[in-house]
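Me: I am new to this structure and would be grateful for a close look at a single part of it. Please begin with one loop and continue from there in a connected account.

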Amino acid sequence: MSNRRNNVNSSDPREILYWTRTYARSRTIYFLFQWCLIVLIICVIGLIANLTQQAYINGNKPLFYTSVFFLVVAFLFFVWISISRWTAEIVWQLTIWFYGREGYVLPDDKHQSKTLPRWVIALIGLMLVYHIFGALLISFRYLSLQYLQPFSALALVPVLCILIFYQGLGFWAWIWPVLYGLHAILLICKIPISFPSRWYLLNIMVPVFGYGLIAIIVGHIYSRYALWKLKSISRQGLEEFENLAHDEETDNT
Amino acid sequence: MSELDRIIHEPARLRILTILAGVEASDFNFLLNTLGLTKGNLSSHMDKLEKAGYVKVEKSFNGRIPHTEFQITEKGRDALENYWKELDRIRNLNPPVENE
């Protein structure tokens, strides 16, 4: 029995530790639900903003004031949903439901900070101000539309890198800033990857959310691989040993 | 010469403790699915680990569904660390015979 036990334990158990950690850090469904929520709200705000613009152009005052009212409500709702504990709880419950069959696992927080340092939160605020400033520069034609995404990348890439570092996310998360930065470089090199001016907003929306979604999907696929690896290493010879141990216990009684 | 910890040297318990060392916490379902043990076997191993003070158990309810969460304790982490050290020492004493 002892020899069997030694054989079952002969592979390095630290591999189990590595794949458990990798799996826990690559579970990205929580981020996917957050992503869906943000994209949905931004689409609603975008639609109302478009309606407001049309009402203003056509001189339809009742529709203009109504849409401005709904625009403010939608924006306030967006702010509330971003900071509300209720949203976090709903997203968390959805995540638990999604991973129901696999079970619940909370990533090791030794490598991550539960609360972000104040200077990082300040940096996020500064990044938002920077983007509003960029939008103003474009409105007053001090900045070409073509450079909207590279202008954004200049602030977003380092902030994303800092956030990923502090949250201790897996390799998949780095895909987002890397692709966003590469996109900016390609645009500066005048590679034709931008949308026509009629769809100028997509030049920023598609890279921000598209690359984010790619990172989340890569993370999810990698979590499947990590789980498969974890199961195969952990189960190696275990069933046979457990049956044998059970038989021996039964014999002894 | 110190001996290997008998509680951890059991393959299923070694795996359970190693999994718990890689995460902040996990539930019964996760361990069950990952290790492919029966509910009875897993419960019995968790009992032994809890009695040894290597894991902390927290029972709660998710709505009406009972939820059991496990966490490795500092004592469990130290025991696992010592077990690995001891295992490495034994392996170095008896290097594997290479096939010719």
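Reply: A:K190 lies in the loop between α8 (171–188) and α9 (202–235) of chain A. Helices (H or I, at least four residues) and strands (E, at least two) are DSSP runs, numbered from the N terminus. The model is a predicted one, in which local features need pLDDT of at least 70 and side-chain atom pairs count only at pLDDT 80 or more, while totals for chains, interfaces and linings use all residues. Residues are numbered from 1 along each chain as its sequence is written, and chains are lettered from A and ligands numbered from 1 in the order in which they are written.

A:K190 is not a glycine, yet its phi is positive, at about 60 degrees. A:K190 counts as exposed because 9 other C-beta atoms lie within 10 Å.

Whereas A:K190 is exposed, several residues of α8(A) are buried, among them A:W172, A:W176, A:Y180 and A:L187. The cover over the buried residues of α8(A) includes α7 (148–167) and α9 of chain A.

Chain A has another positive phi, just after helix α3(A): there A:G59 takes a value of about 70 degrees. Helix α3(A), residues 29–58, has 30 residues and reaches 43 Å from its first C-alpha to its last, close to the 44 Å expected.

The account now turns to chain B and to the place where the chains meet. The contact takes 27 residues from chain A and 23 residues from chain B, two residues being in contact if their C-beta atoms, placed from the backbone, lie within 7 Å. On chain B, α2 (11–21), β1 (23–27) and α3 (28–35) each supply at least two residues of the side that touches chain A. With 7 residues, α2(B) gives the most to that side. The residues of this side of chain B divide into 11 nonpolar, 9 polar and 3 charged; Ala, Val, Leu, Ile, Met, Phe, Trp, Tyr, Cys and Pro count as nonpolar, Asp, Glu, Lys and Arg as charged, and the others, Gly among them, as polar.

A sheet also joins the chains. Strand β1 of chain A, residues 105–107, pairs with β1(B) in the antiparallel sense over 3 bridges, pairing being counted if DSSP finds at least two bridges between the strands. Within this pair, A:L106 has B:A25 as its bridge partner. On to the next strand, β1(B) runs antiparallel to β3(B), residues 65–72, with 2 bridges joining them, and B:D27 stands opposite B:E69 there. In turn, β3(B) pairs with β2(B) in the antiparallel sense over 8 bridges; B:V57 of this pair stands opposite B:F70. The two strands β2(B) and β3(B) form a hairpin with 2 residues between them, and B:G63 in its turn has a positive phi of about 75 degrees.

Together, 4 strands form an open antiparallel sheet in the order β1(A)-β1(B)-β3(B)-β2(B). The edges are held by β1 of chain A and β2 (55–62) of chain B, each with a single partner strand, so one side of each is left without a neighbour in the sheet. From one strand to the next the twist averages 20 degrees.

Helices of chain B lie across these strands. Helix α2(B) lies across β1, β2 and β3 of chain B, at about 85 degrees to β3(B). Such axes are lines fitted to C-alpha atoms, for helices over the stretch in contact, and angles run from 0 to 180 degrees between N-to-C directions. Helix α3(B) lies across β1 of chain A together with β1 and β3 of chain B, and runs at about 85 degrees to β1(B).

How values were computed. Expected span 1.5 Å × (residues − 1). Buried ≥ 20, exposed ≤ 12 C-beta atoms within 10 Å, placed from the backbone.
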